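Please look over the chain shown below, and then follow the briefing on its strands and on one residue of its helix.

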Amino acid sequence: MTFTWTGHKSPLFGRNHLWVCDQEETVAVKHCMHPTANYPYYVLGVPEERFQTFRHLKTAKAFAEEVISAARGKKETSK
């Protein structure tokens with residue numbers, strides 16, 4: 001499945017700081033807004049035991065998509 005993301009601009013910095021998955025609106029990637037952070041991206045809406053931070057937006061989105069796909073797979077097998 002192909003996932004698409006909608007970026008939301010920060011009121012403070014004028015650039016995107018939050019990307020919401022269009023297919024699963026409970027999952028989003030957020031930037032911590034610290035200008036020199038080494039791992040500024042993290043995923044909202046994932047189980048706490050899977051929480052991670054990421055250096056690149058692309059990697060954070062890929063992780064979020066993996067979590068969404070895994071959760072959907074569990075829902076399909078439980079039916």
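Strand β3 (residues 28-31) pairs with β4 in the antiparallel sense over 4 bridges, where strands are DSSP runs of E with at least two residues, numbered from the N terminus as helices are (H or I, at least four residues), and two strands pair if DSSP finds at least two bridges between them. This is a predicted model, in which local features need pLDDT of at least 70 and side-chain atom pairs count only at pLDDT 80 or more, while totals for chains, interfaces and linings use all residues. Residues are numbered from 1 along each chain as its sequence is written, and side-chain values use heavy atoms, with hydrogens and water left out.

**The sheet**
- In the pairing of β3 with β4, Ala28 stands opposite Leu44 in β4.
- Strand β4 (residues 41-44) also pairs with β5 in the antiparallel sense, over 2 bridges, and here Tyr41 stands opposite Phe54 in β5.
- The open sheet is formed by 5 strands in the order β1-β2-β3-β4-β5, with antiparallel pairing.
- Its edge strands are β1 (5-9) and β5 (53-54), each of which pairs on one side only.

**The two faces of β4**
- In a regular strand the side chains alternate between the two faces of the sheet.
- In β4, Tyr41 and Val43 make up the covered face, whereas Tyr42 and Leu44 make up the uncovered one.

**Lys61 in the helix**
- Lys61 is found in helix α1, which spans residues 57-78.
- Leaving aside residues up to four places away in sequence, Lys61 touches Trp5, Trp19 and Val29, where contact means heavy atoms within 4.5 Å.
- Lys61 and Val20 are 41 residues apart along the chain, and their C-alpha atoms are separated by 9.7 Å.

Definitions and conventions
Buried means under 20% relative accessible area, exposed over 50%, partly exposed in between (1.4 Å probe, protein chains only).
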